[in-house]
Amino acid sequence: MKLYYSPLACSLADHIALEEAGAAFERETVNLKTKRTGSGDDFTTVTRKGYVPALVLDSGETLTENVAVLDWIAAQYPALGVEGPMGRTRVLEALTYVSTEIHRSFKPMWHQGSDAEMAKARTTIAAQLDLFANGLKTDYLFGEKPSVADFYLFVMLLWAARFQVPVPAPLEALRARIAARPAVRITMKREGLV
């Protein structure tokens, strides 16, 4: 399979998850402005959406949308999911919240919003992060091992640091725990982030 990603984009979560799982996969960068891949190909031939992540499976099928790709990874590599009858549902709940609320709230930062829009976004994101911080009772969102939801939240915590969004202490500790994982260090280096 092959992952198309852009450094520090939300696709970093997928990149980390595949590395953490020990999956055999190829990777290729995408310039989101030009829609060209690292090898010079037109990325819109991979997905007409023109944004990452895109995961081309061995079958030739292409998966897009971070929640879908991360859910697929967790299904293939159960150690990155959560056990129990509500496990998958709880992971999807967390992934959806990260995607539809936190991720979306960063839009003014990535798209040159006004100072007022960015200030409002910082306040909104800080409140959204508080919801996770207040519920964090273990090392990771769902226990003593990370799930794909932790990796997506990790990317949002990196964005928070980049854009000076206040992060509650429990999530600062979570970010440090995830950043220290060997697969995360490898992936961050591959994406040129360290």
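I looked up helix H1 (residues 11-21) and found it mostly covered, with 9 of its 11 residues buried (under 20% relative accessible area, 1.4 Å probe, protein chains only). Helices here are DSSP runs of H or I with at least four residues, strands are runs of E with at least two, and both are numbered from the N terminus. The model is predicted: local features need pLDDT of at least 70, side-chain atom pairs count only at pLDDT 80 or more, and totals for chains, interfaces and linings use all residues. Residues are numbered from 1 along each chain as its sequence is written, and side-chain values use heavy atoms, with hydrogens and water left out.

I listed the buried residues of H1: Ser11, Leu12, Ala13, Asp14, His15, Ile16, Ala17, Leu18 and Glu19. They pack against strands E1 (2-5), E2 (26-31) and E4 (54-56), and against helices H2, H6 (148-162) and H8 (182-190); contact means heavy atoms within 4.5 Å. After H1 comes Gly22, with a positive phi near 75°.

Next I checked Asp71, which sits in helix H2 (residues 66-76). Asp71 is buried, at a relative accessible area of 15%. Leaving out residues up to four places away in sequence, I found Asp71 touching Arg88, Leu92 and Leu95.

Last, I took helices H3 (residues 87-105) and H5 (residues 115-135), which pack at about 160° with axes 9 Å apart. That makes H3 roughly antiparallel to H5 (angles over 145 degrees). On the H3 side I noted Ala94, Tyr97, Val98, Glu101, Ile102 and Ser105, which meet H5 residues including Ala121, Ile125 and Phe132. By class, this contact has 9 nonpolar, 3 polar and 1 charged residues (nonpolar: Ala, Val, Leu, Ile, Met, Phe, Trp, Tyr, Cys and Pro; charged: Asp, Glu, Lys and Arg; polar: the others, Gly among them).

Note on methods:
Axes are lines fitted to C-alpha atoms, for helices over the stretch in contact, and angles run from 0 to 180 degrees between N-to-C directions. Angles under 35 degrees count as roughly parallel, over 145 as roughly antiparallel, 65 to 115 as roughly perpendicular and the rest as oblique. Buried means under 20% relative accessible area, exposed over 50%, partly exposed in between (1.4 Å probe, protein chains only).
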